[in-house]
Amino acid sequence: KLFDTYETFERTRNTNENDAYKNLLLEYHQINIEKKDKHSIAPVGATCAGKTTFTNKAFNLNLVSSPIENTAGITKVYENDNYQVFDIEGCNDRKKYESPIHYYNLKSCHEFIIIYDNSIEHNIKLIKLFLTMNAKLHIVRNKTETMSEEDKAIIEENDKNAIQNIINEMNELGIEQSINLDENYYMISARDNINVSTVVENLNN
């Protein structure tokens, strides 16, 4: 079913990409994929957004991080009594989370930490896709270490409003999901280990 849905998307996107993507989201949302036996968490986002650096700081690991594309596939890198954590390769123009195999592996997880380091406008499709996965979402703006407090406040307000608009649009589409932005939106620096622990404290809650 995933492969048929994606093939239809690829075939129709040149005619009207917005409608084709909406249909993909609706179809994907309706496909039931069994969750892993143990509560599973995965940091996700674009290549080089800081996912591996975040994972290292959050769980006291020493995974290899890089300023260029580094992580490949999906690998369990941490486990405690309550949950397991997977390191997942980032999305880019060549590797898309929408592809059937990626989507299948992702949707089997219970919780995602969506990490981004640029304008929220570049992450609209990413957030929409993860709203189809029947999972708890954390939205994390990374690489804030060089920002002033004033700029951080402006970005936080702007991004929360934009994310709420995305949620509203998905609800209107028939995908009724939500994110508690008061509790599950964060501004962090994974590099400098700022507010990383706040994200960890909210996992599997």
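**Overall dimensions, then helix 3**

Guide: For 205 residues, a compact globule would have a radius of gyration near 17 Å, and the protein agrees with this, at 17 Å. That radius is taken over C-alpha atoms, and the globule rule is 2.2 Å times the number of residues to the power 0.38. The structure is a predicted model, in which local features need pLDDT of at least 70 and side-chain atom pairs count only at pLDDT 80 or more, while totals for chains, interfaces and linings use all residues. Residues are numbered from 1 along each chain as its sequence is written, and side-chain values use heavy atoms, with hydrogens and water left out.

Along the principal axes, the C-alpha atoms occupy a box of roughly 45 × 40 × 35 Å. The protein has eight helices and six strands, where helices (H or I, at least four residues) and strands (E, at least two) are DSSP runs numbered from the N terminus. Their order along the sequence is α-α-β-α-β-β-α-β-α-β-α-α-β-α. Of the 205 residues, 46% are buried; buried means under 20% relative accessible area, exposed over 50%, and partly exposed in between, with a 1.4 Å probe and protein chains only. Among contacts (heavy atoms within 4.5 Å) between residues at least 6 apart in sequence, 71% join residues at least 24 apart.

The buried residues are Lys 51, Thr 52, Phe 54, Thr 55, Asn 56, Ala 58 and Phe 59. They pack against strand 1 (40-45), strand 2 (74-79), strand 3 (84-88), strand 4 (111-116) and helix 8 (196-201). Just after helix 3 comes Asn 60, with a positive phi of about 55°.

Positive phi values also occur in two loops. Lys 143, not a glycine, has a phi of about 65° and lies in the loop between strand 5 (136-141) and helix 6. Its relative accessible area is 34%, which means that Lys 143 is partly exposed. Asn 195, again a residue other than glycine, has a phi near 65° and sits in the loop between strand 6 (185-187) and helix 8, one of the elements that the buried residues of helix 3 pack against. Asn 195 counts as partly exposed, because its relative accessibility is 40%.

Helix 1 (residues 2-12) and helix 4 (residues 100-107) pack at an angle of about 130°, with axes 9 Å apart. Axes are lines fitted to C-alpha atoms, for helices over the stretch in contact, and angles run from 0 to 180 degrees between N-to-C directions. The angle makes helix 1 oblique to helix 4; under 35 degrees counts as roughly parallel, over 145 as roughly antiparallel, 65 to 115 as roughly perpendicular, and the rest as oblique. The contact is formed by Leu 2, Phe 3 and Tyr 6 of helix 1 with Pro 100, Ile 101, Tyr 103 and Tyr 104 of helix 4. These residues divide into seven nonpolar, no polar and no charged, where Ala, Val, Leu, Ile, Met, Phe, Trp, Tyr, Cys and Pro count as nonpolar, Asp, Glu, Lys and Arg as charged, and the others, Gly among them, as polar.
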